[in-house]
Number of protein chains: 2
Amino acid sequence: MAERVAGPEIERLVQLLARLPGLGPRSARRAVLHLIRKREELLAPLADAMRVAQERIVVCPVCGNIDTSDPCTICRDPRRDPSILVVVETVSDLWALERAGLLNARYHVLGGVLSPLDGVGPEDLAIPALVERLRGGEVREIVLAVNATVDGQTTAHYLADVLFPFGVKVTRLAHGVPVGGELDYLDEGTLAAALERRTVF
Amino acid sequence: MAERVAGPEIERLVQLLARLPGLGPRSARRAVLHLIRKREELLAPLADAMRVAQERIVVCPVCGNIDTSDPCTICRDPRRDPSILVVVETVSDLWALERAGLLNARYHVLGGVLSPLDGVGPEDLAIPALVERLRGGEVREIVLAVNATVDGQTTAHYLADVLFPFGVKVTRLAHGVPVGGELDYLDEGTLAAALERRTVF
């Protein structure tokens, strides 16, 4: 029905946008109408930005980050401490840590977590590349910044075992009450960790 | 922070996508990562579709619909009943009615509703164009398919007054219980309308 009404070009744009995470068919339609209303300010720049992204974006062969330079901006940055390597599951996690601006380290993107149920084994993740990066001898600490999920923690344990022979310090993120979090909504594991590692006020 | 990390091209794409309704900065980032992972299947076609949309889409000068042909597909369709004109607030509403596939009429998009508080008066809507369309004499009924909001109903009353001198039949959508709706969640006005217009089972 909609195709006949709005022209195939519009319907195609709706269908493509609806495939983005967070947008469904209805919100994709709303987005298309918004784009058309803001043709010069939004639609044209967005089409250009996508074209540029498509042409220039590469996956960094060193760390797995996504960037327009190869190696990526972080791997090329001489001010980054080369002795700390932060292992993350995905590029989104890397970006989240960078947004927080707390680290001056380099990263290693695993590209997922071990998940026997989903058939994801060590060979499906960037673990050989991680081991390879240790051979230079520069890395002194590996921070396992994986998610606090069952699969994330399984992966952390597996990595700790794999990394043990290299004699690097392997650390992981602390558990505790999130800032602004309400105790009432937290699970017992988090509360237990927060209590156990309580600090003097 | 993020700009330095991900390259200005990626950050620009995130910022543009975040301006779409329904996407915020966080979901825009997720969308960009998704686009980059699906570069060939999604990013490239989407860039093309946006380019095509930007070049070809026009607002129909007759009804206000958005299409790639001028006048729009609906206005040009000879099978549409020219005696019924359905007045809607926005193109989204037009599309919603077309998706339902219940009508074989033509449309008129007002481009909003009267809203004194927001400074929207009759001259800001496509009301003169609507009056103009009546001069041909073909239109026998005008269906006011505006939203059941205060502003929508104010606009409907105003239009009914404006259209009265032309002697066309002016109708509006019925109020009642939505299909699948639970009485418990409906307001009294809806329940009153549903009761008043109850039909024999």
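This is a predicted model: local features need pLDDT of at least 70, side-chain atom pairs count only at pLDDT 80 or more; totals for chains, interfaces and linings use all residues.
## Basis of the model

Local features need pLDDT of at least 70 and side-chain atom pairs count only at pLDDT 80 or more, while totals for chains, interfaces and linings use all residues. Residues are numbered from 1 along each chain as its sequence is written, chains are lettered from A and ligands numbered from 1 in the order in which they are written, and side-chain values use heavy atoms, with hydrogens and water left out.

## Relation of the two chains

## The interface

Chain B contributes 60 residues to the contact and chain A contributes 60 residues, where contact means heavy atoms within 4.5 Å. Of the interface residues of chain B, 100% are also interface residues in chain A, so the copies meet through the same surface. Between them the chains bury about 5,600 Å², with 69% of it on carbon and sulfur atoms. Buried area is the accessible area (1.4 Å probe) that two parts lose on being put together, summed over both.

There are 4 salt bridges between chain B and chain A, each defined as a side-chain nitrogen of Lys or Arg within 4 Å of a carboxyl oxygen of Asp or Glu. Glu9(A) forms a salt bridge with Arg56(B), and the closest N and O atoms are 2.9 Å apart. On the side of chain B that touches chain A, the elements that each supply at least two residues include helix 2 (8-17), helix 3 (25-37) and strand 2 (66-67) of chain B. Helix 4 of chain B gives the most to this side, with 17 residues. Helices (H or I, at least four residues) and strands (E, at least two) are DSSP runs, numbered from the N terminus.

## Domains and annotated regions of chain A

The domain assignment, which is automatic or from a database, gives domain 1 (2-56) and domain 2 (72-172) of chain A. The C-alpha centres of domain 1 and domain 2 of chain A lie 36 Å apart.

An unreviewed UniProt entry lists residues 60-75 of chain A as "zinc finger region: C4-type". This span is 19% helix and 12% strand, and its end C-alpha atoms lie 8 Å apart. The annotation "domain: Toprim", also from an unreviewed UniProt entry, covers residues 83-178 of chain A. Residues 83-178 of chain A are 33% helix and 18% strand, with end C-alpha atoms 28 Å apart. UniProt positions are given in the numbering used here, feature names are shortened, and annotations may be inferred rather than shown by experiment.

## Salt bridges within the structure

Over all chains, the whole structure holds 14 salt bridges. In one of them, the side chains of Glu11(A) and Arg29(A) meet at 3.5 Å, N to O. The pair links distant parts of the chain, with Glu11(A) in helix 2 and Arg29(A) in helix 3 of chain A, 18 residues apart.

## Cis peptide bonds

Most residues other than glycine have a negative phi, and most peptide bonds are trans. The bond from Asp70(A) to Pro71(A) is cis, with omega near -5°, and Pro71(A) is in the loop between strand 2 (66-67) and helix 5 (73-76) of chain A. In chain B, a cis peptide bond joins Asp70(B) and Pro71(B), with omega about 0°. Pro71(B) is in the loop between strand 2 and helix 5 of chain B.
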